[in-house]
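Here is a short tour for a first look. Have the sequence and the model open as you read.

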Amino acid sequence: MLALSRKQGESIVIGNNIEITVLEVKGDQVKLGIAAPKSVPVYRQEIYAQIKEANRETVATLDMESLKKLL
């Protein structure tokens, strides 16, 4: 993990097309702005974990024989 220090108004760039800017710092909260192409999904970590779990549950309930018949 790369750890960087940034002040309000400062940014970091990831790749050629993702920019993360520190918008505000209040106590122990930091507000970030993320500029990324619409094709790049951006999630909070806890939401991403929920999506992954829901996908795992869906895959576990798939009936492979019924799926093969559809194809």
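Glu10 is partly exposed, with a relative accessible area of 28%. The model it belongs to is predicted. Glu10 has a charged partner: Arg6 forms a salt bridge with Glu10. The closest N and O atoms of Arg6 and Glu10 are 3.7 Å apart. That pair counts because the cut-off for a salt bridge is 4 Å.

How exposed is Arg6? Arg6 is partly exposed as well, at a relative accessible area of 41%.

## Overall build

Now step back to the whole chain. The protein chain has 2 helices and 3 strands. What is the order of the elements from the N terminus on? They run β-β-β-α-α.

The radius of gyration of the protein chain is 19 Å. The C-alpha trace spans about 55 × 30 × 20 Å along its principal axes.

## Surface and contacts

How much of the chain is buried? Of the 71 residues, 7% are buried. The accessible surface of the protein chain is about 6,600 Å². Carbon and sulfur atoms account for 55% of that surface.

Contacts across the sequence tell a further part of the story. Take the contacts between residues at least 6 apart in sequence. Among these, 0% join residues at least 24 apart.

How many salt bridges does a search of the whole structure find? The search finds 5. Arg6 with Glu10 is one of the pairs. Lys26 with Glu24 is another salt bridge, with the closest N and O atoms 3.4 Å apart. Lys26 is exposed at 58% relative accessibility. Glu24 is partly exposed at 24%.

Arg44 and Glu46 also meet through their side chains. Their salt bridge has an N to O distance of 2.8 Å. Arg44 is exposed, with a relative accessible area of 54%. Glu46 is partly exposed, at 40% relative accessibility. Elsewhere, shared partners link salt bridges into one network, made of Glu24, Lys26 and Lys31.

## An aromatic pair

The structure holds 1 aromatic pair. Its members are Tyr43 and Tyr48. How far apart are the rings, centre to centre? The distance is 6.1 Å, with 25° between the planes. The pair counts as stacked because planes under 30 degrees apart fall in that class.

Both tyrosines are partly exposed. Tyr43 has a relative accessible area of 45%. For Tyr48 the value is 43%.

## A nonpolar patch

Which residues make the nonpolar surface patch? They are Val59, Leu62, Met64, Leu67, Leu70 and Leu71. Together they make a patch of about 670 Å².

Helix H2 covers residues 64-70. This helix gives the most to the patch, with 3 residues. Leu71 lies in the segment after H2. Is Leu71 buried or exposed? Leu71 is exposed, with a relative accessible area of 85%. It can join a patch because patch residues need over 30% relative accessible area.

Note on methods:
Residues are numbered from 1 along each chain as its sequence is written. This is a predicted model: local features need pLDDT of at least 70, side-chain atom pairs count only at pLDDT 80 or more; totals for chains, interfaces and linings use all residues. Side-chain values use heavy atoms; hydrogens and water are left out. Buried means under 20% relative accessible area, exposed over 50%, partly exposed in between (1.4 Å probe, protein chains only). Patches are made of residues with over 30% relative accessible area and no salt bridge: like charges are joined within 9 Å, nonpolar side chains (Val, Leu, Ile, Met, Phe, Trp, Tyr) within 5 Å. Accessible areas come from the Shrake-Rupley method with a 1.4 Å probe; for residues, only the protein chains shown count as cover. Helices (H or I, at least four residues) and strands (E, at least two) are DSSP runs, numbered from the N terminus. Rings of Phe, Tyr and Trp (its six-membered ring) pair if their centres lie within 6.5 Å; planes under 30 degrees apart count as stacked, over 60 as edge-to-face and the rest as tilted. The radius of gyration is taken over C-alpha atoms; the globule rule is 2.2 Å times the number of residues to the power 0.38. Contact means heavy atoms within 4.5 Å.
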